[in-house]
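Work through these exercises on helix packing. Try each task before you read its solution.

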Amino acid sequence: MFCRFLQACILRHVVCICNFIVHIYLVKHQYLRYKLYKFCRQGILVALQKGNKPPETAHRTSISGLLGKSTFDSDLSLSNQIVTELSRLIETIEIQPGELISENEVALALGISKTPVREALIRLEEINFVKIVPRVGSYVTKINIDNYIEACFVRLVLESGAVKAAAKRSTASAKEKLFKPLLVEQQKAHENQDHAAFYTLDQNLHRMFFEVAGVPGVWKTIKRSQTDVNRIRHLKRMFGISRAAQIVQEHQLIVDAICTGNATAAEEALVAHIGSLDREIDTLASHTDLMAYIDTLNAAQPRRRERQT
């Protein structure tokens, strides 16, 4: 009797699991499908991994070594420059999730007091780059997919409004003078495969949309939510997921619409450029190797990177 009861329980569980798997394939809403995918990902991802491995990171430079390559202007705010440089190193995964950023090490590497370093780390915590643990240190935050999706949504909503407003303001000639040099330089960066310059010009162009719209402060709001967007963007490039050629063309379409005063076309071009949440979720879900690598980065225990001697 007990054996039959046990068999019945096992059968019910098997049926539930099968129904769950079938449900994943039948769900139409992409965000829910992604949530279901994420729920079962840890158990199946190892079997799905394939190709496109990222560069090996076994022999990484110490944080003091990374900062030793940087140049700082003594006439400018040290804390601002430290924020900029540490943000860049975190976004490009040169400083990985879970790593300790030591006030003492940063101050020693730059030959400065700990005060501007402490101020910089507080600001980095405000934009979710680090988590400050009292009496322990500051650790780089893990890459959060939920935050990434939400940040994509925030940017899509706010920036589509910005390009519509930009199309209605100023003259075509004035707007062309602002946008054209950025487009030309970005095309050159793409041709030269200068990824750092391409990214900087991309950011400058999108910032310009808000400035022309008359709401430059909104861009700052967006930037505060883009921590995981920028890290995943860099990881996509590491895994060969790149749209650089299309991005240049899409930027041209957005700028053309803004300069001709066509607000509707500007919004449509912007949405096509940034992409819907459905498209972004599908992109992540289809690149299981990228998701596996993010899991690997996040799984690492909080740690101090060994100094190089």
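**Ground rules.** This is a predicted model: local features need pLDDT of at least 70, side-chain atom pairs count only at pLDDT 80 or more, and totals for chains, interfaces and linings use all residues. Residues are numbered from 1 along each chain as its sequence is written, and side-chain values use heavy atoms, with hydrogens and water left out. Helices are DSSP runs (H or I, at least four residues), numbered from the N terminus.

**Exercise 1.** Find how α7 and α14 are oriented relative to each other.

*Solution.* 
- Step 1: locate the helices. α14 covers residues 277–286, and α7 covers residues 145–167.
- Step 2: take the axes, which are lines fitted to C-alpha atoms over the stretch in contact, with angles from 0 to 180 degrees between N-to-C directions. The two axes come within 10 Å and cross at roughly 150°.
- Step 3: apply the cut-off. Angles over 145 degrees count as roughly antiparallel, under 35 as roughly parallel, 65 to 115 as roughly perpendicular and the rest as oblique. α7 and α14 are therefore roughly antiparallel.
- Step 4: list the contact (heavy atoms within 4.5 Å). α7 supplies Ile-145, Tyr-148, Ile-149, Cys-152 and Phe-153, and α14 supplies Leu-277, Glu-280, Ile-281 and Leu-284.
- Step 5: sort by class. Ala, Val, Leu, Ile, Met, Phe, Trp, Tyr, Cys and Pro are nonpolar; Asp, Glu, Lys and Arg are charged; the others, Gly among them, are polar.

**Exercise 2.** Work out how α8 lies against α12.

*Solution.* 
- Step 1: α8 spans residues 172–191 and α12 spans residues 244–259.
- Step 2: their axes come within 10 Å and cross at roughly 175°. So α8 is roughly antiparallel to α12.
- Step 3: look at the contact. Residues from α8 include Phe-179 and Leu-183, while those from α12 include Val-248 and Val-255.
- Step 4: count the classes. There are 10 nonpolar, five polar and two charged residues.

**Exercise 3.** Which way do α12 and α13 run relative to each other?

*Solution.* 
- Step 1: α13 covers residues 263–274.
- Step 2: α12 and α13 pack at about 165°, with axes 8 Å apart. They are therefore roughly antiparallel.
- Step 3: α12 brings residues including Ile-254 and Ala-257, and α13 brings residues including Ala-269 and Leu-270.
- Step 4: this contact has 10 nonpolar, two polar and one charged residues.

Note on methods. Helix = DSSP H or I, 4+ residues; strand = E, 2+ residues; numbered from the N terminus. Expected span 1.5 Å × (residues − 1).
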